[in-house]
Every structure is written in structure tokens, then in C-alpha cells.
Amino acid sequence: MRPRVFVVDSEQSAARDAAAIAAGTPSRALMQRAGAATAGELTLREPRRLAGGVRVFAGPGNNGGDAWVIARALATSGFKVSVCETVPAKTPDAIAERALALPFVKLDLPDPSETSERDPRDGPYSYRTSERSEAVIIDGLLGTGSSGAPRGAIAEGVAAINAARARGALVVAIDLPTGVDATSGAATGSVIADLTLTFGAIKRGHLVARQACGTIVVLDIGLGAFAALGDGAPALVDESWVARHVPPIPADAHKGTRKKLAIVGGASGMAGASILAARSAMRSGIGMVRLVVSPDSLPAVQAAEPFALAGVWPTDAQSLEREILSWADGVVIGPGLGRSTASRTLVDRVLAGWRGPVLLDADALNVFDGDVESLARAIGDRPALLTPHPAEFGRLAGSTVEQVLSRRFDVGRELARRVGAAVLLKGVPTVISSPNGDCLVSATGTPALAAAGSGDLLSGIAGTLLTQIGDALVSGAIAAWVHGRSAELAVPPSAPDRPRSTRHAPRVRGITLEDVLAALPLGWPRSSPVPRFPVLAELPAVGERA
């Protein structure tokens, strides 16, 4: 079963709305549903802040129309609402919703001293910002169809919103913070939101520009079957999906049924990477781990990780049989392997002899730089998962890091087809692709994972799942979600009196991978959470925010 939220670009988002409209749902009905769902969610989350007053910034298009619906809904619920119309409403639906809302809200009038100096093409409205004190600011200036840095009156609106946030207001973005590109995530001159409420699907830009979006909540507006158009949009991995796919550990389990994982790496001076991978594998439910390391690293891994077996790199068929082939159910190659001729020889030897599930990470990929064909031949038709970060991906595929990041949602599928293995491209977000074109996205995690060794933890988790499940795409997606969720749990919680939609994510300085490891046993969902309509998905704010 696929997750229920898809990750779309601007065109795919518009196509979903258009399909629902063509099937008989009026565009204005979608607007009213979006506005009502937003107002309801805000009332549930932030009743105290809303009581301090709301200022709505409405733009000229349908995003502005959503803003008018929200303004009317909040005003008729008893909250004090003013609307700043930076540019007059232009679309028929937005004009109609404006007319309905005007009797209930206060319209911010132009400041004559500024209006006389404005270019009429920017619209007739201008406003003072220095003395406003509303507790909640709603950004309805531009939506998913916009691109490029805001200009003119819209840019002035963005500046006013960000100034209000600096004074302590909670900023809520409708669908997407103004200035954030829905497809690329470019955010030059954008609104910085504390909470973003988006509709029907999550946009690629949300997942790239997390710093500008704050907490992200996806709301159901009645797209129904049209939320999934079969246009290749990847699905967002969520807790329910993970809970359904994590293999259960039965009551009569033993170390054999929980499988045995060999981790090949640990070159001289690099034993720590293998140790981290082993520790995360054991906290992920593997039955036994064997660390296969260089002779120089053997004493270190035996002393540091007494719960794992240990052996040295195989140098011939007999030692390969003894250390790996006759023992393992799955193999991870790469943590602390090093980049050398000896490393490439070792990888070739292991892949030639071992034909079961395999995960290749870090230097096990680096030794194939620019040689995808040799990697594909070495992998063959076994279950395989590659877990590169963008630089490793670029070296392997012959691309720059910038090219990889600009196409992060698409490049993994291309490499997966070429290699015949699932590809987990690490980053913000993590994108997992299979050779048949399926694609999943995980957006859990915090900057605590931006540290050396984080990928080794992921290798241990994913290697365990690949060994137990045998499906590389599913294993990679679960591992990425649990890895990120464990990092979220490792960060101290917000103060108990802080509102749910916090302005500032908890500070992550001083959080180490040991903290993530300690939280890992709690990162596995026990059961599917009960859905709460109209919320389809929620991502917490991450990163330290001004």
C-alpha cells in the first residue's frame, strides 16, 4: 500500500486541481474547502494567538482567494480580522470571495503619503507596518504558480510580513510561503513562515525550503482520487506506511530468524564507521552482526563493540567463505572502507562471491567513480540498495553536486535504472528510487544528522531491513524515515507552554550521533496512528530559525 500524500511540482499540483474541476468539482468549491480547512486547523492549533488579532495579506490570484475565505471564516468565528490587499483580486473566484468577506473584516486602507509615490502597475494599495501588533499574520500573497523573487507591492507585503514576525507575530503561509518556488524550493526574498498549511499534496519546494516553511501540514480539500494521477509524482513516506511495512518480530524469534548481517569496512584508522553501523543494526532488530575489517582495525572493533562478531577482510576464496558466504544473510559494504586499490579489489571479491542482498555505501560506491557499468555488472540481479550522498552520487554518475541537487527528485530513478539497484539519495529530503521507476520520499530528520557518521547509522538500519525484507525500495524508505525520526526524538522537546506551531525549533547544538542511537529504539512506530481529518500529513519545523 502506497502512502497517501504525493510530492508534486507546480505543474503536477495544478494538474490535480484541474482534474478534479474537470470531473465536476467547481474551482470555487476547492477554494472554499481549502480556506475552511485552514481556518479550522488554525482555530484548533492557535486559539490563544488568534484571540490577539489576525492580519491577512491577500494577493491577486487564487491564493488570495483562499486568504479571503480564511479571513471570513475567522471573523465569523469571533476573531478580530483585518485584510491587507496588496494587489486587487483578479481571478473570478478571488473577487467573489472578497465580496463575501468584506462585510465581516476590516480592510486596511492605503496610506496616501505612500500611494502617491507608487507605480500604478504595482496596484493601488500600500500600508503602514511599524505599529501593527496582530498576533497572527496570514500570508496569502502568492501560491504555487509563482516563480522568481517577489517584486513591487508583493515584495512590500513580504517585507511587512517578515517585519511582523520579527516583532513576535506567528506567520502562517497558505499553501506555500510567498517567494518559495513550488518546484525548485528557491526562496530568494521569501516570507519566513512558522506554519505552512498546504492542500492535497506536498510540494517539492516545501521539502527543499524547510527553513522558510516552518511546520508543514497537508490538508485534505477533496481532491479524492485525483490526488494520485499516475504522473510519476513520488509518494511521501509517513508513519502509517512505515508501521505497515516494518516486519514484525514474532514471539518465538531467535537470532537466526532475525537474520545475520556482515558489515565490510573499517580500514586502518576508520574503525568507528563500522562500529556505528553495527550499533544501529543491533538497535534495528538484527539477530547477529559480524564486522569484517582490516587487520589493523580488528582490536579496536572487538574492544568497542563486544556484542558483535569480528573478522578480517577476506583475501582469498576460503576466507571469503568463512567470514561472509557461509554465515551472512545480508551484507553492507562501505562504512570506513577507504578509497584505494585494495578497497576496490575487496569490493569486487565480495560482490563476486556473495549473491544475496547487499547495501553499498560511501567508499564502496566511491571505488566505482564514473564507472556505472562495472557497478551494474557487479550487482547483477540481486536485491541491492545504494545509499550515496549528493557528492558520492555525482562522482558515480558523472554529475556535479549542483546538478544532482537541482534534480534530486528525478536523478535517482535514472541511476537506479542504469545500475539495476534501488538508490537512496541522502539529503533534505531523502529520495529513494527503484529500477522500475517507483519513488518514495522521506522528510524526517533534523540538522543533528548533519555530522560525520550519520550515514553509517543509516547503513546499519537499512542493511538490517534489506536482510529481513529483501525489498530494497521499501527497506531504504523505512530506514530513512526511522533514521530521521530518531534524530527528531533525540532533540529536547519544546517548553511545555510553547504553542504547538513553535516559532523556533529546539536547538540542536550538542546533539550527537550517540543521542540518535539512544533514540533509535523509540523511532519505530508501534502501530498506525489514527488519522485526524482534514490532516493528511505533518512535518515539524526543523533548524534554528531567526
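## Surface and charge

The mean positions of its 55 positive and 53 negative charges lie 3 Å apart, counting Lys and Arg as positive and Asp and Glu as negative, without His or the chain ends; each charge is placed at NZ of Lys, CZ of Arg, CG of Asp or CD of Glu.

This is a predicted model, where local features need pLDDT of at least 70, side-chain atom pairs need 80 or more, and totals for chains, interfaces and linings use all residues. Numbering runs from 1 along each chain as its sequence is written, and side-chain values use heavy atoms, leaving out hydrogens and water.

## Overall build

The chain has 22 helices and 20 strands (DSSP runs numbered from the N terminus: H or I of at least four residues, E of at least two). Buried residues make up 57% of the 546; buried means under 20% relative accessible area, with a 1.4 Å probe and protein chains only.

## Helix α17

Helix α17 spans residues 390–397, and its buried residues are Pro-390, Glu-392, Phe-393, Gly-394 and Leu-396. Their cover includes α15, α16, α18, α19 and β17.

## Thr-196

Thr-196 sits in strand β7, residues 195–199, and is buried at 0% relative accessible area. Beyond its neighbours within four places in sequence, Thr-196 is in contact (heavy atoms within 4.5 Å) with residues including Ala-173, Asp-175, His-206, Cys-213 and Val-217.

Technical notes: Buried < 20%, exposed > 50% of the residue type's maximum accessible area, 1.4 Å probe, protein only.
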